Amino acid sequence: MVKPVLQTMYPHRTEMVPCFIGAPGIGKTQGLYEFAEEMGVNVVTFILSNTVPSEVSGIRMPDQESKKLEVFDDSRMASLKDGDILFFDEILEAPPMLWSACLTLIQDRIMASGRKLPDVFIVAASNQVASPGIIPASVRNRFQFIELSFDAVHWCRWFRDRFGADPKEITPFIKEDSDQYNILTPREVVKLYTWMKQGDQTGDDWDTKRKVVTAMFDAVVCDKLVQICKQKSSVQQQIADALKGCNVDTTGMPLNDFKDWSLKEIFEYLQEQDCWEDMQYVLSTVQFDDGRDDEDTVEF
């Protein structure tokens with residue numbers, strides 16, 4: 001839900017200041033950075049739980065020429081340009097002085113030095129760690145609070161698009177909070193999956209990884225992660241991965257959309273490309289296992 005909200009509010013960024021509230025690891029920050037990448041803009045982030053007020057409101061220092069105290073903006077604030085995103089993370093964990101500094105920026109759009117704030121999109125986020133009542137009404141009135149919860153369907157779709165594997169078997173074990181040391185958030189699943197996929201999935205190293213995951217959670221969660229790691233990508237995904245990993249220029253090719261194409265459609269499309277001969281050589285050296293028996297292996 002993060003990216004659709006940002007897309008809708010971005011054109012009205014001088015009036016709208018969304019604040020996403022949700023458990024750790026459900027994709028608040030990830031969605032923001034993906035949106036910024038798609039828009040081609042920069043993100044300046046302040047993690048307010050460990051930020052001092054002067055980083056937002058500026059710091060007073062003596063000017064060598066005037067011999068007077070001047071207010072200087074933080075270098076990150078000074079780097080902002082029109083269209084960029086100013087991101088206040090962990091805002092509910094910030095001290096009241098920082099709320100006041102943020103309020104001045106949101107309301108007046110003027111930095112501490114007196115310079116006008118560029119036409120930026122101010123966005124905030126926080127974990128559900130405090131009651132909204134602790135925030136003064138004057139501050140709350142400046143944000144549009146959007147409460148988020150884990151959406152298994154959309155997360156599984158994102159995971160399949162990114163890794164070519166289906167994580168639906170582990171979604172029942174994902175939690176937004178826990179009284180244990182480790183919480184199996186969506187972010188933690190991605191970290192563990194990426195770590196377990198690195199290297200050979202056999203031998204002592206693989207056994208150690210399984211023991212670590214079992215110690216962190218339990219054997220059931222470990223088995224679910226192993227199942228995801230051992231899934232074989234579709235032929236379409238394997239073709240896309242092979243082309244991404246070679247020296248052929250694939251700029252403009254819809255590699256991520258191949259998953260919805262038939263093999264015939266992919267073959268006909270690739271034949272029309274100027275670099276078909278180079279791609280044919282790359283594909284001819286690889287067997288694209290579709291997960292069926294060996295006699296059904298697809299070859300180019």
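## Basis of the assignment

A residue counts as buried when its relative accessible area is under 20%, and as exposed when that area is over 50%; values in between are termed partly exposed. The model is predicted, and seven salt bridges are found in it.

## A pair within helix 9

Lys209 has a relative accessible area of 5% and is therefore buried. Its salt-bridge partner is Asp205, with an N to O distance of 3.5 Å. Asp205 is partly exposed, at 44% relative accessibility. Both residues belong to helix 9 (residues 203-216), where a separation of four residues corresponds to about one turn of the helix.

Lys3, Glu34 and Glu38 form one network, joined by salt bridges that share partners.

Arg13 and Asp119 form a salt bridge whose closest N and O atoms are 3.0 Å apart. The two residues are 106 residues apart and link distant parts of the chain: Arg13 lies in the loop between helix 1 (2-9) and strand 1 (18-21), and Asp119 in the loop between helix 5 (96-108) and strand 6 (121-126). Arg13 is buried at 15% relative accessible area, whereas Asp119 is partly exposed at 29%.

A salt bridge also connects Lys224 with Glu169, at 3.8 Å from N to O. Lys224 is buried, with a relative accessible area of 18%, while Glu169 is partly exposed at 39% relative accessibility.

Technical notes:
Residues are numbered from 1 along each chain as its sequence is written. This is a predicted model: local features need pLDDT of at least 70, side-chain atom pairs count only at pLDDT 80 or more; totals for chains, interfaces and linings use all residues. Side-chain values use heavy atoms; hydrogens and water are left out. A salt bridge is a side-chain nitrogen of Lys or Arg within 4 Å of a carboxyl oxygen of Asp or Glu. Buried means under 20% relative accessible area, exposed over 50%, partly exposed in between (1.4 Å probe, protein chains only).
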